[in-house]
Amino acid sequence: MATGRTHRPATRSRGIPEATVARLPLYLRALTALSERSVPTVSSEELAAAAGVNSAKLRKDFSYLGSYGTRGVGYDVEYLVYQISRELGLTQDWPVVIVGIGNLGAALANYGGFASRGFRVAALIDADPAMAGTPVAGIPVQHADDLERIVTDNGVSIGVISTPAGAAQQVCDRLVAAGVTSILNFAPTVLSVPDGVDVRKVDLSIELQILAFHEQRKAVDDAVESSPDPAAPPVRATTGNRKGPDGDMPAVMPA
């Protein structure tokens, strides 16, 4: 079976935009659900709704794959599952190493979605000597001193970092030096990598902050809609200070 080290995804050479690449997993997830229900074909409108995009954008994305569907029939579900899986490189074996086996790292090791999408967790690595040999998800944890050998022995090209922020850059540097060319970073820090190395950042706190922003805006909109006179101009705060529980508070303009 092909390994990740010797086969690179074809998306760059074929000129598929990054925004389209980012949506391909959404289409694949929706198509896989249809396949599991033995649905043979799907229209662009149905698939777009399932993937959470508009149908025009979906048809444009699929044009980069050379797949336009059949007018009046739609898209062949099984064919698209294969085509998108191939484009994403999921028809190959991708050995993955996870570095940092705390609560998050252990949860990632136990995540069944890796294997079902062609990603094989080849090794688990942690800097704590007490963790060495401890099985997590049936895989014995190995010490960080052996990181380079582990990467080389398993032909790893994708590394997952779930260490504390302070250790993440050093781990990243060692992975890159050992030959890893793609990194999924769960550590709450920005990593610096050389050209040719791809990094995807996953930060749950940032996603929650974005949701908090939208919740705040909805609350403001609801307050405006429930106002006795929605057409009245917004009340501006005064330019002086107002009293708060801790003394004077600078006045601010409402959002």
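Are F62 and Y75 buried or exposed? Both are buried, where buried means under 20% relative accessible area, exposed over 50% and partly exposed in between (1.4 Å probe, protein chains only).

The model is predicted, and residues are numbered from 1 along each chain as its sequence is written. Local features need pLDDT of at least 70, side-chain atom pairs count only at pLDDT 80 or more, totals for chains, interfaces and linings use all residues, and side-chain values use heavy atoms, with hydrogens and water left out.

**Whole chain**

Start with a cartoon view. The chain holds nine helices and 11 strands; helices (H or I, at least four residues) and strands (E, at least two) are DSSP runs, numbered from the N terminus. Of the 255 residues in the chain, 35% are buried. Contact means heavy atoms within 4.5 Å. Among contacts between residues at least 6 apart in sequence, 56% join residues at least 24 apart.

**D61**

Select D61, in helix α3 (residues 55-64). With a relative accessible area of 1%, D61 is buried. Show the side chain of R23 as well: the side chain of D61 makes a polar contact with it at 2.7 Å. A polar contact is a pair of N or O atoms within 3.5 Å; within protein, one must be able to donate a hydrogen and the other to accept it, and residues adjacent in sequence count only if both atoms are side-chain atoms. Leaving aside residues up to four places away in sequence, D61 touches T20, R23 and Y27. From D61 to T20 is 41 residues in sequence and 5.7 Å in space, C-alpha to C-alpha.

**α2 against α3**

The axes of α2 and α3 come within 8 Å and cross at roughly 100 degrees. Axes are lines fitted to C-alpha atoms, for helices over the stretch in contact, and angles run from 0 to 180 degrees between N-to-C directions. The two helices are therefore roughly perpendicular (65 to 115 degrees; under 35 is roughly parallel, over 145 roughly antiparallel, the rest oblique). To see the contact, select S44, E45, L47 and A48 in α2 with S55, L58, R59 and F62 in α3.

**Aromatic pairs**

Return to F62. Three aromatic pairs are found in the whole structure; rings of Phe, Tyr and Trp (its six-membered ring) pair if their centres lie within 6.5 Å, with planes under 30 degrees apart counted as stacked, over 60 as edge-to-face and the rest as tilted. The F62 and Y75 rings have centres 5.1 Å apart and planes at 90 degrees, so this pair is edge-to-face. F62 lies in helix α3 and Y75 in strand β2 (residues 75-76), so the pair ties together parts 13 residues apart in sequence. Then move to Y111 and F114, an edge-to-face pair at 5.3 Å centre to centre with 80 degrees between the planes.

**Helix α4**

Last, select α4 (residues 77-87), where V77, L80, V81, Q83, I84, S85 and E87 are buried. The buried residues of α4 pack against α1 (18-36), β1 (41-42), α2, α3 and β2. At the start of α4, a side-chain oxygen of D76 reaches to within 3.2 Å of the backbone nitrogen of E78. Just after α4, G89 takes a positive phi of about 85 degrees.
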